[in-house]
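User: Could you walk me through how to read a few features of this model?

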Amino acid sequence: MFGGIQIGVLAACVVLFVPMGMAGYHLSRNKMLFFSGALFITLAVGVHLTPYFPSVSDFVTSVQSVNVFDNREDSCINLVNEVVWNVKPRIISNNVSDSSNDSVGYDKIWDWSKNGKVKGCDFEKLGREDVKDLLNGSWVVVAGDSQARLLVQSLLSLLLDDKRMGMIMGDLFKRHSDYEIVVDEIGMKLDFVWAPYVVNLTNLMVGFKQNRTYPDVLVIGAGLWHMLHVNNASDYDIALENLRSSVVSLLPFSPELGTDGPVTGSVSVRSPHLFWLGMPTLINAMLNTEEKREKMNDKMWHAYYGALHNSRILRSYGGPLLLLDIQSLSWNCGPRCTNDGMHYDGTVYEAAVHILLNALLIESHQKLGSTEF
């Protein structure tokens, strides 16, 4: 809304410039010169008056700030989560003559949609050698709760053979602990950081900035512990906004990054590839404690989901982090893909890993066989 001062200034401009313009038009012998001069004066006055009209200032600011991160609706990076599932029963034979003792299992098969624009993106499931080429020489950090740990397991399963996976599983799944590993043959370092609350993730970002060391790939996500132990979506929203500020400060065009003197422009620092690991769909009736069933209900889950969007931390809402949509993956895989309504079969996290890898290919402008980000 305009205030009295703004209205007064606008009226004065009308009273002053309209009669002058009319007189100038009639007296001018060169109409083109007149219009050029009038346009110049109008633009000059407009620039100086813009700060006094909040609605105009807000519009200009919004145009300048929108779409800082790639958010084209038709780009493949925004379609990378478009996965479809085929969960079908499979008879498991007990190798006895009585077939009534056979049990039913389920095959969980996923792939990218073959419809519309998704088909043209040529997403693909990467083999071990392709994954090694893609992640060669990189530092990957995954931080969060048990969902993040399951993602790490799926990523390592793509890189390591069964024997080595069997050797590391005990250390990887030590309760509430960090884990690190170096895949020597490709010079890749992977760190899992136990960070069940958003504030833990914010502290991690602060540590990166203070140490001036930044991973090549950063996957973060938290929310389930906050929902269970704090149970306040508004508090979660505030924590996410603080985290967003910390993540943005790591980006190379941030004036805060990598400079001790006066800010003179962007600094030459490679940007990490940034991902947010979404919360899974919660199947309330399957949760294994009464406290979880009471606090982690559908209403509270949707409040937390809304807080995530309101925080603008996701790239689809103008933020820095590309979503790995565990909610969609787990929902479409369904109840047959979970035993406790919260942690899903490895197939779900395998799909999330391949989504991440295809996003890396797009963001780093690579084709399979390239070995550098």
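Analyst: Let's start with Lys209, which counts as partly exposed because its relative accessibility is 27% (buried is under 20% relative accessible area, exposed over 50%, partly exposed in between, with a 1.4 Å probe and protein chains only). This is a predicted model, where local features need pLDDT of at least 70, side-chain atom pairs count only at pLDDT 80 or more, and totals for chains, interfaces and linings use all residues. Residues are numbered from 1 along each chain as its sequence is written, and side-chain values use heavy atoms, leaving out hydrogens and water.

User: Where is Lys209 found?

Analyst: Lys209 sits in helix H8 (residues 198–211); helices are DSSP runs of H or I with at least four residues, strands runs of E with at least two, numbered from the N terminus. The C-alpha atoms of Lys209 and Leu250 are separated by 6.6 Å, though the two are 41 residues apart along the chain.

User: Which residue of E5 is the bridge partner of Glu180?

Analyst: Asp191 is that partner. E4 pairs with E5 (residues 188–194) in the antiparallel sense over five bridges; pairing takes at least two DSSP bridges between the strands. Their hairpin has four residues between the strands, and Gly187 takes a positive phi near 65° there.
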